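Open the model in your viewer and keep the selection panel at hand. Each stop below says what to select and what is there.

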Amino acid sequence: MTISLADLQQKFVSALLIPDETETIAGYFSSPEAKGRFSYYRGNLTAIWNSALKNAYPVLFQLVGAEFFEQMAKAYGRAYPSQSGDLNELGGQLPQFLIDSGITKDYPYFYDLAVLEWQLHKAYYAADDPILTLPSFVSAMEQKGLALSEAGLSMHAAVSLHQSDWATVDIWTVHQGSDTPSFDGSLKKACFGVVTRPDWLVSVTALEELAYIALRALQDGRSLGDALETVLQHDPDFSIGSHLSQWFTLGIFSSIKTE
Amino acid sequence: MSRNPVSSGRVGSRISGVGVGLRSQHYRHFLSEHVPVDWLEVHSENYFGDGGYDLFVLQKLRENYPVSLHGVGLGLGSAHNYRIEHIAKLQRLIERVDPGLVSEHLCWGAIAGRHVNDLLPLALNNAAFELFAARVSDLQDRLRRRIYIENVSTYVRFIHDDMDEIEFLSALVKHTGCGILLDVNNLYVNQMNHGEDALQALNRLALLPASSIGEIHLAGHTQTELCLVDDHGSCVSDSVWTLFAHASELLEQDIPVLIEWDTDIPDISVLLAEAKKVPRYQNGLVAGYAV
């Protein structure tokens, strides 16, 4: 009954995932007690999935409750094998899993909410780019002898834009800092947001649709002038000053692109 | 307390004395006041990000405390899925914090296409030894430093094992030049779970070349219906303290000791109280050898 190391490890993991296969690995254990103890490894595996996903999706956890979340984590861990020894990378395909498993049939906004939570999770570990302040931006452009409108702006590594047909940003926001959050607004509502990390604090801030469009244009490499021109065509009263002030305060940009 | 300032503004990297595992629940405490521990240990993977708050805190605390990096996700004994990307992230972290010691576990944790993210029990046979030794050598070559391998607690052993864990680790030291991170709690857990003689293990480890054991771990375990579970969620048991007193008698002096706590993280004062006990057992002031 000799077996290669690779085959032994394969059987071990198969038995972790499929309890009915415990007999196939138990024959390789040196004591009869080990078969019962093997269940601790199985328990560890599901606890690890649950813990890692709870860390990445705290609002989804609050929404579905501990019991449902644990069952969901078990199903996810089996369906989407962990691809890294770093548990902080576990969970990136949960939005897709919510569709595959049919959960989004009853809760269609869960997909976009999960997308948002993964954006926030990734932002937490993103690189520590410098944050470009509005005075620094203005000063740098003056020194270059260029108009502000000529500048392109690189976004901070932690920054990402979010858009949904559901009120994901509002749902996320009401679940911060309250043990008994309640959301009494309309779920079906187009929303736009930007994920930022000023002072290490990862958060999403709601945006007006035109502000989202302008930031998307900047992200796509267009100049500040082009980005603002696009939204001014939609709304001549779009407040450039207040929006620029908000964007820089949120630490959205890291550097100037002047090419 | 050893303080060994260097020109970078950091204390030196060498770990000595008694350390505790740094957990996020204690960040605020460590950032707001000086905590009387000699060094800190972190799980390497928790600081693999490109940036962010955890890394900021670690680098800030590194100014005042030497750091030991303890890997939990590489799974050196996995026949498949040994990831070079993981080692590259470890190398980046090493460059960032200049650790005094880097350790991994005598375990495996992945098959082709799937990581299990656990410290799974390695078959202690010749094939596993060849693989593990090659991996340790590869890791040491890539990182250009000595790696310390920790003995692990297990709930199962395999029928075709050719050697016990101490024989495996001793051969590993001989063949690769790696060191050992000795977890005294794990020795005790395996003694209770598998009847492996922990005191005899210490006597055999004492025969290794000088400096082979670079760090000692102490942690709590839980007695369950089926066996002892190494859950790191309670104070060090009296039996493990006694075994540690033996280790202190038998092994070299001044091996750095860590109080390890990973689940149900208590107030920092609980960890510090545990850390305070270490010198008493090192100095043989506490009798009672019923291991």
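This is a predicted model: local features need pLDDT of at least 70, side-chain atom pairs count only at pLDDT 80 or more; totals for chains, interfaces and linings use all residues.

Residues are numbered from 1 along each chain as its sequence is written, while chains are lettered from A and ligands numbered from 1 in the order in which they are written.

**Stop 1: the sheet of chain A**

Show S3(A) and S4(A) together. They pair in the antiparallel sense over five bridges. Strands here (E, at least two residues) and helices (H or I, at least four residues) are DSSP runs, numbered from the N terminus. Two strands count as paired if DSSP finds at least two bridges between them.

Now go to the hairpin of these two strands. Six residues lie between S3(A) and S4(A). Select A:Asp199 there: A:Asp199 takes a positive phi near 50°.

Six bridges join S2(A) to strand S3 (residues 188-196) of chain A, and the two run antiparallel. Pick A:Gln163 to find one such pair: its bridge partner in S3(A) is A:Phe192.

What is the order of the strands in this open sheet? It is S2-S3-S4 of chain A, with antiparallel pairing. Strand S2 (160-166) and strand S4 (203-207) stand at the edges with a single partner strand each, so one side of each is left without a neighbour in the sheet. On average, neighbouring strands of this sheet are turned by 30° against each other, direction ignored.

**Stop 2: helices on that sheet**

Select helix H8 (residues 110-124) of chain A. H8(A) lies across S2, S3 and S4 of chain A, running at about 165° to S2(A). Angles run from 0 to 180 degrees between N-to-C directions, and axes are lines fitted to C-alpha atoms, for helices over the stretch in contact.

Next, take helix H11 (residues 209-219) and helix H12 (residues 224-234) of chain A. Their axes come within 8 Å and cross at roughly 150°. That makes H11(A) roughly antiparallel to H12(A). Angles over 145 degrees count as roughly antiparallel, under 35 as roughly parallel, 65 to 115 as roughly perpendicular and the rest as oblique.

Colour the contact residues. From H11(A) they include A:Leu210 and A:Ile213, and from H12(A) they include A:Leu228 and A:Val231. Residues are in contact if their C-beta atoms, placed from the backbone, lie within 7 Å. By class, this contact has nine nonpolar, two polar and one charged residues. Ala, Val, Leu, Ile, Met, Phe, Trp, Tyr, Cys and Pro count as nonpolar, Asp, Glu, Lys and Arg as charged, and the others, Gly among them, as polar.

**Stop 3: the two domains of chain A**

Zoom out. Chain A is divided into domain 1 (1-107) and domain 2 (110-259), with bounds from an automatic or database domain assignment. Their contact takes 15 residues from domain 1 and 13 residues from domain 2. On the domain 1 side, helix H4 (58-64), helix H6 (94-100) and helix H7 (103-106) of chain A each give two or more residues. H6(A) gives the most, with four residues. The domain 1 side divides into 10 nonpolar, five polar and no charged residues.

**Stop 4: the barrel of chain B**

Switch to chain B. A closed barrel of eight strands runs S1-S2-S3-S4-S7-S8-S9-S12, with parallel pairing. Select strand S2 (residues 39-43) and strand S3 (residues 67-70) of chain B: four bridges join them. B:His43 has B:His70 as its bridge partner in S3(B).

Then select helix H7 (residues 198-205) and helix H8 (residues 238-250) of chain B. Their axes come within 10 Å and cross at roughly 20°. H7(B) and H8(B) are therefore roughly parallel to each other. B:Leu202 of H7(B) and B:Leu243 of H8(B) are among the contact residues.

**Last stop: where the chains meet**

Show both chains. The contact takes 40 residues from chain B and 37 residues from chain A. Which element of chain B gives the most to the side that touches chain A? Select S6(B), which gives six residues. The chain B side divides into 20 nonpolar, 13 polar and seven charged residues.

Conventions. Two residues are in contact if their C-beta atoms, placed from the backbone, lie within 7 Å.
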